[in-house]
Amino acid sequence: MIYRYLKTLAATALALCACACSLTGGDDDEDAVQTLTLEADTYVITADGNSAAQLIVRYGDEEVSEGIRFYLVGKDGKNTPLDVPALLFFTEKPGSYTIWCSYKAQLSNKITINALSKALPLPGLPEDSDPMNINFHRRIFITQFTGTGCPNCPNMISMLRNFAQNETYKDLYVLAAVHSYNSDDPMYIRDLANLLITLGGNGFPSVCFDMNPSTLIPNNTLSVLATIFESTFVNEYNSISTKAGLSASLVTDAGQAALKVGVKAGANGNYRVGAWLLEDGIEAKQSNNGTAGNFSTHNNAVRAIAGCNAAKNDFSGTEVSLSAGATASFDFAFAFDSDVKPENCHAAVYVSEKIGAKWIVTNVIDVHPGESKGFEYDAD
């Protein structure tokens with residue numbers, strides 16, 4: 001079983017689809033129980049006035065095109081009426097646009113469409129070097145929960161730095177630091193503010209493997225982290241397999257990044273793909289309860305997410321059904337604040353599969369600006 005090693009442990013195309021809420025209600029009102037959903041055929045367009053996203057509105061199982069009112073959500077949270085002729089959304093202004101609609105007194109879910117600058121075209125993917133191969137190289141996705149106001153977090157940071165310098169470990173994992181301890185942290189990521197709670201944790205620092213709740217290691221068991229790395233990455237790594245491989249290309253510009261992702265299945269099934277934009281070299285004073293070292297330079301901080309449904313605390317990714325050996329591609333885009341330095345960014349791209357009742361990350365890669373990574377295979 002591909003996740004048997006976890007028994008040894010301690011205990012984002014952007015597709016957002018949520019249930020609507022009714023303005024009227026009433027169990028005897030047939031219309032009131034219908035769900036209004038909003039989707040788009042693409043969630044990444046070019047801000048040239050021509051490239052467009054076709055909006056799709058469903059009232060229950062029925063697709064509707066008239067009598068719909070659309071609204072744009074501003075950065076201040078205010079809703080502004082939005083004209084969407086022929087249900088086509090287009091713009092000449094680059095940015096991230098959050099949209100919802102109303103129909104028959106029902107409110108839809110919100111979706112986000114990213115309009116890329118004309119200077120930032122979507123990249124392509126490299127050719128598959130071995131189309132018949134499904135023996136993928138696997139990496140583990142490590143999520144670190146931290147914050148500048150967390151006095152004990154330098155303990156975890158120090159330990160993870162040591163792992164990063166270990167030649168045995170370095171190509172076996174991708175690390176993402178979720179700053180969710182204090183909201184005045186300059187790297188605070190609101191979209192992931194509840195991820196630790198969703199995974200069943202409540203203490204800082206904590207770390208988790210592959211977004212699997214059973215692998216969550218809280219602060220009071222940090223001493224076992226080295227043992228877990230040793231048993232997972234060294235002793236058992238060769239026995240761990242994955243059912244999916246990833247390829248990706250990333251380009252960045254001021255305030256935006258465009259990401260093309262490919263996923264290849266090793267077995268028939270459903271998979272989910274997501275991505276987090278990470279930034280290195282951020283200077284911010286770190287609270288410290290006596291750990292030796294300088295911890296005010298932060299790396300791998302999550303700055304934006306794609307392919308996930310943050311409103312539902314679902315970060316497993318955008319779903320796709322594939323047969324063994326088949327591939328699919330996704331266009332993702334990130335919009336970020338002016339304090340983010342594009343040249344210091346990179347993206348953690350991951351694929352999840354359903355293990356029991358939960359979606360668990362089964363593979364992850366890290367891609368930098370201007371880089372194109374093909375599917376990576378291990379020797380038989």
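**Exercise 1.** State which residue stands opposite K358 of β24, then describe how β23 and β24 pair.

*Solution.* I355 stands opposite K358 in β24. The model is predicted, with local features requiring pLDDT of at least 70 and side-chain atom pairs pLDDT 80 or more, while totals for chains, interfaces and linings use all residues. Residues are numbered from 1 along each chain as its sequence is written, and side-chain values use heavy atoms, with hydrogens and water left out. Strands (E, at least two residues) and helices (H or I, at least four) are DSSP runs numbered from the N terminus. Strand β23 (residues 345–355) and β24 are antiparallel over nine bridges; strands pair if DSSP finds at least two bridges between them. Two residues lie between the strands of this hairpin, and G356 has a positive phi near 65°.

**Exercise 2.** Is strand β24 largely enclosed or open?

*Solution.* Buried means under 20% relative accessible area, exposed over 50%, and partly exposed in between (1.4 Å probe, protein chains only). In β24 (residues 358–367), nine of the 10 residues are buried, so the strand is largely enclosed by the rest of the structure.

**Exercise 3.** Check the span of helix α1 (residues 153–164).

*Solution.* The expected span is 1.5 Å times one less than the number of residues. Buried residues of α1 include M156, I157 and L160.
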